[in-house]
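Here are a few exercises on rings, charges and sulfur links. Have a go at each one before you read its solution.

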Amino acid sequence: GETVGGLCLDGNPTTTPTTSLPTMTSRPTHGQYGTQSYFALSTLYTATIGAEWRTKNGWLESDDPCSGTPWYGLTCSNGEVVGLRLAGNFMRGTIPTQFGLLTHLQSGYQQTGNAEQSFLSFNHISGTVPSEI
């Protein structure tokens, strides 16, 4: 498919994930913070075949991606996911709409909106980064 900066842009990733995405009721509960971020990130992990990522340290190992050592590629501040860097991590699939729940994400996507500057560059991902981010 057509790629820009390593992103597959034609909506046809090399392989479409066959696993079902998490639902809000399938996520663990963790106070008032862990649930929304866990749900958004676990959906991204599932939709982009996380089991095959190059590096996935910590992913889905706890119900709060920012507690202790943050999951690989995350930057956290005050218990919120504020940064994400997963470029070149062998991700493939589609960005799920639930990714938009990461409303505190500040870094990782350049202000220009240029796909070549994406925190997900050099993967085979289709879809758009939600406008909330």
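**Exercise 1.** Find which ring the charged end of Arg 54 sits over.

Solution. Start with the test: NZ of Lys or CZ of Arg has to be within 6 Å of the ring centre and within 35 degrees of the ring normal. The ring here belongs to Phe 90, with the charged end of Arg 54 at 4.3 Å from its centre. Keep in mind that this is a predicted model, where local features need pLDDT of at least 70, side-chain atom pairs count only at pLDDT 80 or more, and totals for chains, interfaces and linings use all residues. Residues are numbered from 1 along each chain as its sequence is written, and side-chain values use heavy atoms, with hydrogens and water left out.

**Exercise 2.** Count the aromatic pairs and classify Trp 53 with Trp 59.

Solution. Rings of Phe, Tyr and Trp (its six-membered ring) pair if their centres lie within 6.5 Å; planes under 30 degrees apart are stacked, over 60 edge-to-face, the rest tilted. That rule gives five pairs. Trp 53 and Trp 59 have ring centres 4.8 Å apart and planes at 80°, so they're edge-to-face. Next, Trp 59 and Trp 71 are tilted, at 5.1 Å centre to centre and 45° between the planes. Finally, Tyr 38, Tyr 45, Trp 53, Trp 59 and Trp 71 make up one aromatic cluster.

**Exercise 3.** Locate the disulfide and give its handedness.

Solution. Look for cysteine sulfur atoms within 2.5 Å of each other. The angle about the S-S bond is -75°, and the link of Cys 66 and Cys 76 is left-handed.
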